[in-house]
Amino acid sequence: MTISGSQATGTAVGAAGINYARVTTDTLCWVAVGSTPDTSISTATAASGARRIMLANTSIELALFAGQKVAVLSAP
């Protein structure tokens with residue numbers, strides 16, 4: 001995904017069971033996981049996990065359940 005000033009949501013979704021997505025970034029950004037992930041919220045909802053900050057040049061592995069996606073947004 002290309003990170004910009006607007007949220008980018010991945011097209012890959014979790015299948016049955018638990019899947020994992022590795023997110024690697026070269027810039028400071030927010031990341032969220034959910035059925036409709038929202039990188040602007042800091043508290044989890046039924047549709048989106050709370051956003052997390054990722055530092056430049058880092059990676060994280062995130063658990064994805066069936067139907068969940070990953071979203072990213074550039075952080076200021």
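Predicted model: local features only at pLDDT ≥ 70, side-chain atom pairs only at ≥ 80, totals over all residues.

Visitor: Why is Gln68 called buried?

Guide: Its relative accessibility is 18%, and the cut-off is under 20%, so Gln68 counts as buried. You'll find Gln68 in the loop between strand 5 (58-64) and strand 6 (69-74); strands here are DSSP runs of E with at least two residues, numbered from the N terminus.

Visitor: What makes Gln68 and Phe65 a polar contact?

Guide: A polar contact needs a pair of N or O atoms within 3.5 Å; within protein, one must be able to donate a hydrogen and the other to accept it, and residues adjacent in sequence count only if both atoms are side-chain atoms. Here a polar atom of the Gln68 side chain lies 2.9 Å from the backbone nitrogen of Phe65.

Visitor: How do you know whether Ser48 is buried or exposed?

Guide: Ser48 has a relative accessible area of 2%, so it is buried. Ser48 sits in the loop between strand 3 and strand 4, and a polar atom of its side chain lies 2.9 Å from the backbone nitrogen of Asp38.

Visitor: And why is Tyr20 put in the class it has?

Guide: With 58% relative accessible area, Tyr20 is over the 50% mark and therefore exposed. Tyr20 belongs to strand 2 (residues 19-25).

Visitor: What makes the largest nonpolar core a core?

Guide: A nonpolar core is a set of buried Ala, Val, Leu, Ile, Met, Phe, Trp, Tyr and Cys residues joined through side-chain atoms within 4.5 Å. The largest one has eleven residues in all, among them Ala8, Cys29, Val31 and Met54. Strand 2, strand 3, strand 5 and strand 6 each give two or more residues to this core, and the largest share, three residues, comes from strand 3. In soluble globular proteins, nonpolar side chains tend to be buried together.

Visitor: How do you know that strand 3 pairs with strand 4?

Guide: Pairing takes at least two bridges found by DSSP, and three bridges join strand 3 (residues 29-34) to strand 4, running antiparallel. In one of them, Val31 has Arg52 as its partner in strand 4.

Technical notes. Residues numbered from 1 in each chain as written. Heavy atoms only, no water. Helix = DSSP H or I, 4+ residues; strand = E, 2+ residues; numbered from the N terminus. Buried < 20%, exposed > 50% of the residue type's maximum accessible area, 1.4 Å probe, protein only.
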